[in-house]
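I opened this notebook to record a few local features of one chain. The entries follow the order in which I looked them up.

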Amino acid sequence: MPVHQITDPDDDRIADYRALTDVELRTRWEPPHGLFIAEGELVLRRALRAGYPARSFLVDAKRVDQLADLDTGDAPVYAATPDVLEKATGFHVHRGVLASFRRRPLPDAAGVLAAARRVAILEDVNNHTNLGAIFRGAAALGIDAVLLSPTCADPLYRRSVRVSMGEVFAVPYAKFARWPDGLDQVRQAGFTVLALTPAVDAVPIQRLTPAQRARAALLLGAEGPGLTAAAQAASDVRVVVPMRRGVDSLNVAAAAAVAFWELGRDDPPFGG
């Protein structure tokens, strides 16, 4: 595995990694250029296993050996000191390993729904940390796919990928072109749309009927505002996670995990 030493943080060969902490810049740069960044050895290995083609690798010069067993193909491996890495990326790369990958075309919602039994639908979830945590919970707790409203954050943004521990590569996802019209498509595919809300008149999620659980599409809103009135009106049932001690709501990723577990509690034991 040939390694190319980088001594200048402005070297054009590592342009993919420039200013990684600038969310606005990265949002404008990554999707149009068909790339995303993976941070950490575990995450990049999961991206490779999921079949994403690597564009390049950028590592702390002391950690090059961590990639020695990888088939990097035609993707160059660049090595630099921690100081050069920090100046190029805008942060201290304490995991010491970054990689740039090519995106793949997203499947359409119809295809994702056809292959799923239980899905999560996200409306306006634009916090990358919450998005990554929801994907990790979905992978762990029996959600087959995630569908996104047009204004959701990018699941392949570096922070989302990192927080998900690479599970964004394991859960199929698609974006609706129109919202909330896309919920009609979900219903036509045979799902019951369950709007998760802290409303006092919502149905406790553990009291759903077997028919409502059979093909469940759990609808989740953004942290703070929650689901819009239009999305709730387009759902079949409003559900709530009952809480105690006067607590009125949970972080959306925490609420999602609780609801995912409840919807799948009668599934056979997971085999890994």
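This is a predicted model: local features need pLDDT of at least 70, side-chain atom pairs count only at pLDDT 80 or more; totals for chains, interfaces and linings use all residues.

**Entry 1: backbone geometry.** I looked up the peptide bond from W179 to P180 and found it to be cis, with omega near 0°. I placed P180 in the loop between β8 (173–175) and α7 (182–188).

I then turned to positive phi values. D124 has a phi of about 60° although it is not a glycine. I located D124 in the loop that runs between β6 (119–122) and α5 (128–140). Its relative accessibility is 25%, so I noted D124 as partly exposed.

R245 is likewise not a glycine, and I recorded a positive phi of about 55° for it. This residue belongs to the loop between β12 and α10. With a relative accessibility of 87%, R245 counts as exposed.

**Entry 2: surface patch.** Which residues form a nonpolar patch on the surface? I listed M243, V247, L250 and V258, which together have about 280 Å² of accessible area. I traced M243 to the loop between β12 (237–240) and α10 (252–263). M243 is partly exposed, at 31% relative accessibility.

**Entry 3: Q232.** Setting aside neighbours within four places in sequence, I noted contacts from Q232 to T197, L227 and R238.

Notes: Residues are numbered from 1 along each chain as its sequence is written. Side-chain values use heavy atoms; hydrogens and water are left out. Contact means heavy atoms within 4.5 Å. Patches are made of residues with over 30% relative accessible area and no salt bridge: like charges are joined within 9 Å, nonpolar side chains (Val, Leu, Ile, Met, Phe, Trp, Tyr) within 5 Å. Accessible areas come from the Shrake-Rupley method with a 1.4 Å probe; for residues, only the protein chains shown count as cover. A salt bridge is a side-chain nitrogen of Lys or Arg within 4 Å of a carboxyl oxygen of Asp or Glu. Helices (H or I, at least four residues) and strands (E, at least two) are DSSP runs, numbered from the N terminus. Buried means under 20% relative accessible area, exposed over 50%, partly exposed in between (1.4 Å probe, protein chains only).
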